[in-house]
Amino acid sequence: MLIRTGDTVEVRTGNARGTRARVLAVNPSRGKLIVEGVNRVYRHIKRSQKNPQGGRLSKEMPIDASNVLLVCSACGKATRLGCSVSNGGVKTRTCRACGADLGQVGRAKEVPAGQAASV
Ligand SMILES: [Zn+2]
């Protein structure tokens, strides 16, 4: 998954279609992310020692990463991402619309010999 915490994304589907907001958390193994103010639900809180009043808590629930597009910091468009892997095994994201470099993803990984041709 090429979207990271702190990115600005545009939501493409559902109630929040068209909104642009910050990514608060990502779950790469599930392909989900939490976007600020998107998919808000009320969770009912039972009375407890910690929370003697109980009540309702509004919080964001995860949405699927396929339902958002990254907003490019260079051209401002919601864009698909290109990705290339350097010889050192570092993934670099690029904007498909303008070609701008959108930074690295994750830590460097070993690239098996012969697979480094995608640079
Ligand atoms: Zn761009």
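This is a predicted model: local features need pLDDT of at least 70, side-chain atom pairs count only at pLDDT 80 or more; totals for chains, interfaces and linings use all residues.
Is T79 buried or exposed? Residues are numbered from 1 along each chain as its sequence is written, and side-chain values use heavy atoms, with hydrogens and water left out.

**First stop: T79**

Select T79, which is buried, with a relative accessible area of 4%; here buried means under 20% relative accessible area, exposed means over 50%, and partly exposed lies in between, using a 1.4 Å probe and protein chains only. T79 belongs to strand β8 (residues 78–79), where strands are DSSP runs of E with at least two residues, numbered from the N terminus. Leaving out residues up to four places away in sequence, T79 touches L69, L70, C72, C95, R96 and A97, a contact being heavy atoms within 4.5 Å. A polar atom of the T79 side chain also lies 3.3 Å from the backbone nitrogen of R96.

**Second stop: the zinc ion**

Next, select the zinc ion together with C72, C75, C95 and C98, whose SG atoms are its protein donors and lie 2.3 Å from it; donors are N, O and S atoms within 2.8 Å of the metal (3.2 Å for Na, K and Ca), and water is not among the atoms, so sites may look incomplete. The angles among the 4 donor atoms run from 105 to 116 degrees, and the site is tetrahedral, a label given to four donors if all angles lie between 85 and 135 degrees. C72 lies in the loop between β7 and β8 and C95 in strand β10 (residues 91–95), so this pair ties together parts that are 23 residues apart in sequence. Both cysteines count as buried, C72 at 2% relative accessibility and C95 at 3%.

Now colour the strands, and follow the open sheet of 6 strands in the order β6-β3-β2-β1-β7-β8, with antiparallel pairing; two strands pair if DSSP finds at least two bridges between them. β6 (63–64) and β8 stand at the edges with a single partner strand each, so one side of each is left without a neighbour in the sheet. Further in, 4 bridges join β2 (residues 20–27) to β3 (residues 32–35), and N27 stands opposite K32 in β3.

**Last stop: V9**

Finally, select V9, which, leaving aside neighbours within four places in sequence, is in contact with residues including I3, V23, V35, V68 and V71.

Terms used: A polar contact is a pair of N or O atoms within 3.5 Å; within protein, one must be able to donate a hydrogen and the other to accept it, and residues adjacent in sequence count only if both atoms are side-chain atoms. Four donors count as tetrahedral if all angles lie between 85 and 135 degrees; four count as square planar and six as octahedral if opposite donors are over 155 degrees apart and all others between 65 and 115; anything else is irregular.
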